[in-house]
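Please open the structure in a viewer and keep the selection panel at hand. The stops below proceed by topic, each with something to select.

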Amino acid sequence: MNEKIQLPAPTFDDQLRVSEAIVKRRSIRQYDGHALSLQQIANLCYFSAGVTDKERGFCANPTACNTHHIDLYLANADFCAKYIPAEHVLDIIERGDFRAEMAIQPFAKEASIQFIYVVNAVTFSKFPGNPDHKTKYGHTDCAIMATNTCLYATSLGLGSVMRGMFDPAIVAQRLHLPAEDEIVLTVSVG
Ligand SMILES: Cc1cc2nc3c(=O)[nH]c(=O)nc-3n(C[C@H](O)[C@H](O)[C@H](O)COP(=O)(O)O)c2cc1C
């Protein structure tokens, strides 16, 4: 598909201090299915993976050697999409609700959004360090981005849970991922 959704600029109106969000965050496994606003989606993307220093090319999430080798995807009731940090847009991949088939746990389809953290093999190939460290840095950097998501969700009063339980074959198919990319983690938010 060639459809993009321009996200609104992030807002800085979350209610909690970082210390409070850290203490309040818990894995939530019960959701009421209510949809998030586009502003909430925009903020979740931005504070997970957005470009926070355009001039110097730094992001909300640190990556080994600033390689930016983690891609952030999301699936909600309407579509699955890739977040493009440089443009702060969602690049729609497929329209439809694929949350239930991607997630193994039934509660996940009631959460408004599933975020998906993927090591991009092509981007990682530009990593200036030891290429054997792809797994180490890929997994670490996905966990960092997912932690951003969970803490920011908590600061909005939303529930979240990291989920290693997902069907990688279905996720890869729905996100049109090349075989070399690695899906590491998902986070449900709602
Ligand atoms: C890497 C990782 C994978 C996880 N996978 C799942 C999962 O697939 N399903 C689930 O319900 N919880 C999952 N969890 C959540 C943990 O069970 C949870 O973090 C732990 O029980 C501690 O509870 P807390 O998050 O409320 O502090 C995962 C957590 C992490 C860090």
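A salt bridge is here a side-chain nitrogen of Lys or Arg within 4 Å of a carboxyl oxygen of Asp or Glu. The model is predicted: local features need pLDDT of at least 70, side-chain atom pairs count only at pLDDT 80 or more, and totals for chains, interfaces and linings use all residues. Residues are numbered from 1 along each chain as its sequence is written, and side-chain values use heavy atoms, with hydrogens and water left out.

**Stop 1: salt bridges**

Select R95 and E3. Their side chains meet in a salt bridge, with 2.6 Å from N to O. The pair links distant parts of the chain, since R95 belongs to strand β6 (residues 89–95) and E3 to strand β1 (residues 3–6), 92 residues apart. Helices (H or I, at least four residues) and strands (E, at least two) are DSSP runs, numbered from the N terminus.

For accessibility, buried means under 20% relative accessible area, exposed over 50%, and partly exposed in between (1.4 Å probe, protein chains only). R95 counts as partly exposed because its relative accessibility is 43%. E3, at 26%, is likewise partly exposed.

Next, select E94 and R174. The closest N and O atoms of this salt bridge are 3.1 Å apart. E94 lies in strand β6 and R174 in helix α6 (residues 168–174), so the pair ties together parts that are 80 residues apart in sequence. Is R174 buried or exposed? With a relative accessibility of 19%, R174 counts as buried.

Then move to E20 and R17, whose salt bridge has its closest N and O atoms 3.8 Å apart. R17 counts as exposed at 56% relative accessibility, whereas E20 is partly exposed at 28%.

**Stop 2: the ligand**

Which residues surround the ligand? They are R25, R26, S27, R29, Q105, V161, M162, R163, G164, M165 and L185. Strand β8 (residues 160–163) gives the largest share of this shell, 3 residues.

Polar contacts are pairs of N or O atoms within 3.5 Å; within protein, one must be able to donate a hydrogen and the other to accept it, and residues adjacent in sequence count only if both atoms are side-chain atoms. Display the following distances in turn:

- From R25, a polar side-chain atom lies 2.8 Å from an oxygen atom of the ligand.
- From G164, a backbone N or O atom lies 2.8 Å from a nitrogen atom of the ligand.
- From M165, a polar backbone atom is 2.9 Å from an oxygen atom of the ligand.

Taken alone, the ligand exposes 620 Å², and the protein buries 57% of that. Such areas come from the Shrake-Rupley method with a 1.4 Å probe; for residues, only the protein chains shown count as cover.

**Stop 3: the nonpolar core**

Select L90, F115 and Y117. These residues have the most contacts inside the largest nonpolar core, which has 33 residues. Such a core is a set of buried Ala, Val, Leu, Ile, Met, Phe, Trp, Tyr and Cys residues joined through side-chain atoms within 4.5 Å. The elements that each supply at least two residues of this core include α2 (38–49), β7 (113–119) and α5 (134–155). The largest share, 7 residues, comes from α2.

How values were computed:
Near = heavy atom within 4 Å.
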